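Subject: Structure for you to look at

Hello,

Here is the structure I said I would send. Please open it beside this email and follow along.

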Amino acid sequence: MNLISILLITTAVLCLLTGFLSLVGSSNNDRKRMAWFFAMSLGCAMWTAGIGVFRVLPLTSGETLTWALYGIYISSMFLAVATLGYAAWRYTIGKVLTILCMFGAIFLAAVFLHDPSVLYTDITLSNAGNSVDLYWGWYYIAYCLFFIITDGGFVVAQFLNAKRERRLNARKGNYLLFFGFLVAGSLAVIFDLIIPPYDYSLIWIGPLSLSVVMIMFFYATLKYRLVRMSSRWLQVFAYGVIATIGVIIYMLTFYLIFTSLFKASEPSASVLVLNFLMIAILLMLMPVISEVSSSIKSLISVGQVDIGYVIKKLNRLAAKNLDLRELASFLADHLHFAYVGFIINGHVYGSKTLSLSRDEIDQIAKMKTTSRNGMWQVPTKSVQKILDETNLKAVAELYNAKGKPFGQIIVGKPLGKSTMEHRDLIQLEMIINLVASVIDSGKHLRA
């Protein structure tokens, strides 16, 4: 199996998955339109897979050859009707045109099933490449007119949909599908309708380009929140689709570079398999690589706090049993303080051991706050002496969901700085509020 056929079959599977995910992940308001999109993806998948299978059929194919041709010519008509229905069904004239084209597709499919010779005169299966000898008879002319009508109807209706859409994100997604289909549809007309009677070798360009457009539209539905992957398994499938798109782009780029550099028709199967496995492994490791990269970046950026990473990590900690010392160590490392600790119920949970007596802990716990300082507490002379002796720079109260204090957070010297700046305190307030919420919501605290 050559690379083009692998890409065709792979994109066919992805195209079907995107339609399914879009349908089950859509809201009730968009469910009808996404049902049409699922029908589009089903037709596109069968059309693309049909061409992918046909390209690699051996001389002794039997029934497989027949089904491959059905996949190419009947599935493409099913795709055209679904595409028109997706864009035009909301309009009265669109409903009429879709129903008329549906009957036209049924008629053309029935004629082809009854007598395939109306479409082609011969089929060639060889090592040089499989092909179908099409000819410009009445059936092929009607077949081409059918696609011109459905594609033209889709382009007009989809442009109107994009233009009339009030939601900015939905408008962007509609325009992406409009322009993408305009390009892919033009390629399909050229390489799947006009050229095939003369040269059948490039028939794969149309379905591959259209499959890519539909997959990219699925990405747009995720990006612009047109479809929401609410459950965990839907999120896993969605990530799998996006990751496999990366594999396809890489493999296609590799194929083009390989054939250009080595002047070979195509790389060997072992080279293709090795490259596929390597990029697949890399993409599966991407979440881990991203997490490690973010953690290292947050650790080494002593001059600033990576608030995004800290908040993401705190949200993860909130979902599991919370170890206060582990939380203190994390904050000390990523907020870049020599020490971070919590005083809760008369106990200190810190990033490292701190020598404080019971009396000193009680004195710190009884500190007051002022409205001018917000959550930051103002130490008395005796408490300030304790803070100086233990290299602590600031103390803030922790508030629960009802706005009542339940503990304190104490921080040491900021790394890379001699004193706590006002900007540091302001930046910390947002994180401290989140930390307080995480601690307060923890049902099972491990000290």
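This is a predicted model: local features need pLDDT of at least 70, side-chain atom pairs count only at pLDDT 80 or more; totals for chains, interfaces and linings use all residues.

Which hand does the crossing of H3 and H5 have? The crossing of these two helices is left-handed, a word used if the near helix is turned anticlockwise from the far one by less than a right angle, with right-handed used if clockwise.

Residues are numbered from 1 along each chain as its sequence is written, and side-chain values use heavy atoms, with hydrogens and water left out.

The whole chain

The chain has 447 residues, of which 46% count as buried. Buried means under 20% relative accessible area, exposed means over 50%, and partly exposed is in between (1.4 Å probe, protein chains only). The secondary structure comes to 15 helices and 10 strands. Helices (H or I, at least four residues) and strands (E, at least two) are DSSP runs, numbered from the N terminus. Take the contacts between residues at least 6 apart in sequence: 63% of them join residues at least 24 apart. Contact here means heavy atoms within 4.5 Å.

Helix pairs

Two packed helices are described by the angle between their axes and the distance between the axes. Axes are lines fitted to C-alpha atoms, for helices over the stretch in contact, and angles run from 0 to 180 degrees between N-to-C directions.

The axes of H3 and H5 come within 8 Å and cross at roughly 25°. That makes H3 roughly parallel to H5. Angles under 35 degrees count as roughly parallel, over 145 as roughly antiparallel, 65 to 115 as roughly perpendicular and the rest as oblique. On the H3 side the contact includes Ile72, Tyr73, Ser76 and Met77, and on the H5 side it includes Tyr139, Tyr143, Phe146 and Phe147. The residues of this contact divide into 15 nonpolar, 6 polar and no charged. For this count, Ala, Val, Leu, Ile, Met, Phe, Trp, Tyr, Cys and Pro are nonpolar, Asp, Glu, Lys and Arg are charged, and the others, Gly among them, are polar.

H3 (residues 63–88) also packs with H2 (residues 31–55), at an angle of about 155° and with the axes 7 Å apart. That makes H2 roughly antiparallel to H3. The crossing of H2 and H3 is left-handed, and the residues of their contact divide into 20 nonpolar, 8 polar and 1 charged.

H2 packs with H7 as well, at an angle of about 145° and with the axes 9 Å apart. H2 passes H7 in a left-handed crossing. Among the residues that make the contact are Met34, Phe37 and Trp47 of H2 and Pro207, Leu210 and Phe217 of H7. They divide into 10 nonpolar, 5 polar and no charged.

Helix H4

H4 (residues 92–114) has 23 residues and reaches 33 Å from its first C-alpha to its last, close to the 33 Å expected. The expected span is 1.5 Å times one less than the number of residues. Buried residues in H4 include Gly94, Cys101, Leu108 and Phe112. The buried residues of H4 pack against H2, H3, strand S1 (120–124) and helix H5 (138–164).

Single residues

Phe78 lies in H3 and counts as partly exposed, at 37% relative accessibility. Leaving aside its neighbours within four places in sequence, Phe78 is in contact with Ala39, Leu42, Gly43 and Met46. Phe78 and Met102 are 24 residues apart in sequence and 8.0 Å apart in space, C-alpha to C-alpha.

Tyr198 is found in the loop between helix H6 (168–194) and helix H7 (205–223). Tyr198 is exposed, with a relative accessible area of 64%.

Most residues other than glycine have a negative phi. Asn345 has a positive phi of about 55° although it is not a glycine. Asn345 sits in the loop between strand S4 (340–344) and strand S5 (347–350), and at 68% relative accessibility counts as exposed. Asn391 has a positive phi too, of about 60°. Its place is in the loop between helix H14 (381–389) and strand S8 (392–399), and Asn391 is exposed, with a relative accessible area of 54%.

Regards
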